[in-house]
Amino acid sequence: MRRRQLLAATAALSAVQAARAQTPRGVRIGILAPNVRHPGPPAIEQALAELGYTKGGNLVIELRTANDQTETMATLADELVRLPVDVLITVQTPAALAARRASTTVPIIMAGIAIDPVAVGLVQSLARPGGNVTGVAGLGADLAVKAMQFMRELLPAMKRMGAMLNAADPFTSSLQPMLQQAAGTLGIELRVASVRGPDEYAPVLAAWSAARVDAAFIQPSLSQAAFIKLADAQRLPSFSFGRAIVQAGGLLSYAASQRDIAQRVAYMVDRILRGDKPAQIPVEQPASFELSINLRSARALGLAVPQSLLLRATELIE
């Protein structure tokens, strides 16, 4: 009898292990991102493929982008929840907050949001999220300060700096004081402008030009491409803590590795699809960071990038 029970238990365990070894099929993943240019969604798609989830095979990806209009995030999140999706991945803080307001049951995975998720009520704690949200979060303001320090190395004579912040992004309330503190420590005069979209950029940049601002920071949740077009016309060096700015032609970024974030997000997606709950999966913080410098933009601005920065750069765009 005991032998039969042991064999039955062994067979049951083997069946469970075999089931978990097989990649779930018919999976529908929602991704909510600020715009189609953000590097997060393609990195997440690649990371999912590495775990056996492939578009056109066992995976459908429902991508929704806000076209840099933060206010539309709520509508897009509601749309994804109604489809429905098995898991909803959010890129940047406004997307995570919109998704959490849209559902308290659909599993939500944050793909590198900047804000403290505990402080805004997305999770109960990092170790025990306690609800339907987990993911990768934190360090945004610290990265912005570090990016400012790198810019000071590149422009040692910088005296005045502009900061274009997103009035619709809750993270701004944490970011602005840290930028002001860092600027004060570096002896830089900081001129802050809070905007809601690209139609407000031109008058701000005109005012900065009149004030002889030496460089400009833009928050990643704002449109980078529209900003760079205007900044380039004024030969104004630009930087951020999101890699999208150097892809759009900006000068410098210091950011968490999108590939590393995507791999952690894909791992969490896989766990959830195999039966784990977001409440059981601790929130992680970025572990790998990248300094990116656009050398083509530096040359256009007549800037010589110091060797010290070139040696530390993770990516140099020629």
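Helices (H or I, at least four residues) and strands (E, at least two) are DSSP runs, numbered from the N terminus. The model is predicted, so local features need pLDDT of at least 70 and side-chain atom pairs count only at pLDDT 80 or more, while totals for chains, interfaces and linings use all residues. Residues are numbered from 1 along each chain as its sequence is written, and side-chain values use heavy atoms, with hydrogens and water left out.

With a relative accessibility of 1%, Gln219 counts as buried (under 20% relative accessible area, 1.4 Å probe, protein chains only). Its side chain reaches the backbone nitrogen of Asn166 at 3.0 Å. The Gln219 side chain also makes a polar contact with that of Thr172, at 3.1 Å (a pair of N or O atoms within 3.5 Å; within protein, one must be able to donate a hydrogen and the other to accept it, and residues adjacent in sequence count only if both atoms are side-chain atoms).

Turning to the nonpolar cores (sets of buried Ala, Val, Leu, Ile, Met, Phe, Trp, Tyr and Cys residues joined through side-chain atoms within 4.5 Å), the largest has 86 residues, of which Leu88, Ile89, Leu175, Leu179, Phe217 and Leu252 touch the most other members. Helix 5 (residues 140-154) gives the most to this core, with nine residues. A second, separate core of 19 residues includes Trp208, Ala216, Ile218 and Leu236.

Definitions and conventions
Buried means under 20% relative accessible area, exposed over 50%, partly exposed in between (1.4 Å probe, protein chains only).
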